[in-house]
Amino acid sequence: MDNYLLQPSIKSFGHSGCEIRLVQKDNGYKIQKKSSDSSYNSRLLAQINKQIDFVDEHLNTPRIYNMWEEDGLLVAEMEYINAADFICYMEVKPVDEVLWLIERLCGYILSKVELYPLGIPSKTIIHEKLESVKRGIFNNPLTSELTSLVPDEGSLTPMPLGQCHGDLTFSNILITRESR
């Protein structure tokens, strides 16, 4: 039986509502991410598959060790990385170190953008993303207007279409003590 380090488990109350557990297992620590409800299983599976497929020589994503169902909910077990997220890093580091990291991150992104051909994203993809944003925003009268913001495909500006992390936010960028 897993030894849960944090009792009760930490629950994320972000858009997904997934439960995040830190467990001690196999002489180390692992993270277990459990779907918020059965309707979210397919989305969590898609995220995990994208995480498994995302390979880059300069960026590390937590390795996925195992997946299973628990009470009808998908659980993904992954590598625990002892690091601070980008927001915490910016709050405690000197400005010159933060600027150095931002320059590295921007340089990395620009080098990747140049690799992919320009194209027009599918209007369906944009519409589905706005719908997911609407589901995550509560009690805001502007959410009903979001889908009207989807432009016609003919008016969209071409952009690089290529590999995507899928959830690259400042909260999901982890920086180790060695600034890696």
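Which residue stands opposite glutamate 19 in E4? I begin my notes with this pairing, and I record that the model is a predicted one.

**Entry 1. Strands E3 and E4**

I looked up glutamate 19 and found that its opposite residue in E4 is lysine 34. The two strands, E3 (residues 19–25) and E4, run antiparallel and are joined by seven bridges.

**Entry 2. The whole chain**

Along the sequence, I read their order as β-β-β-β-α-β-β-β-α-α-β-α-β-β. The protein chain has 180 residues, and 26% of them count as buried. I also looked up the accessible surface, which comes to about 12500 Å². Carbon and sulfur atoms account for 55% of that surface. For contacts between residues at least 6 apart in sequence, I noted that 54% join residues at least 24 apart.

**Entry 3. Strand E6 and its partners**

I turned to strand E6 (73–79). How many of the residues of E6 are buried? I found that seven of its seven residues are buried, and I therefore describe E6 as mostly covered. E6 pairs with E4 in the antiparallel sense over five bridges. E6 is also joined to E5 by six bridges, and these strands again run antiparallel.

I looked for a residue that links both pairings and settled on glutamate 77 of E6. Glutamate 77 is the bridge partner of glutamine 32, and glutamate 77 is likewise the bridge partner of asparagine 66. E5 and E6 make a hairpin with two residues between the strands. There I recorded aspartate 71, which takes a positive phi near 55 degrees.

**Entry 4. Helix H1**

I checked the length of helix H1 (residues 41–53) against expectation. At 1.5 Å a residue, its 13 residues should span 18 Å, and the end C-alpha atoms are 18 Å apart, which agrees.

Which residues of H1 are buried? I list Asn41, Leu44, Ile48 and Gln51. They lie on the same side of H1, because they cover an arc of only 90 degrees around the axis. Ser42 and Asp53, on the other side of H1, are exposed. I then asked which strands the buried residues of H1 pack against. They pack against E4 (28–34), E5 (64–70) and E6 (73–79).

**Entry 5. The nonpolar cores**

I looked up the largest nonpolar core and found ten residues in it. I list them as Cys18, Leu22, Ile31, Tyr40, Leu44, Ile48, Ile64, Leu74, Ala76 and Met78. H1 and E6 are the elements that give two or more residues to this core. The most comes from E6, with three residues. Another core lies apart from it and has six residues, among them Phe86, Tyr89, Val98 and Leu101.

Finally, I followed one core member, leucine 74. With its neighbours within four places in sequence left aside, leucine 74 is in contact with Lys33, Lys34, Ser35, Asn41, Leu44, Leu45, Met67 and Trp68. I noted that Asn41 and Leu44 in this list are also buried residues of H1.

Key:
Residues numbered from 1 in each chain as written. Predicted model: local features only at pLDDT ≥ 70, side-chain atom pairs only at ≥ 80, totals over all residues. Heavy atoms only, no water. Helix = DSSP H or I, 4+ residues; strand = E, 2+ residues; numbered from the N terminus. Expected span 1.5 Å × (residues − 1). Buried < 20%, exposed > 50% of the residue type's maximum accessible area, 1.4 Å probe, protein only. Arc of directions from axis to C-beta. Contact = heavy atoms within 4.5 Å. Core = buried A, V, L, I, M, F, W, Y, C linked by side-chain atoms within 4.5 Å. Areas by Shrake-Rupley, 256 points an atom, 1.4 Å probe, with all protein chains shown as cover. Pairing = 2+ DSSP bridges.
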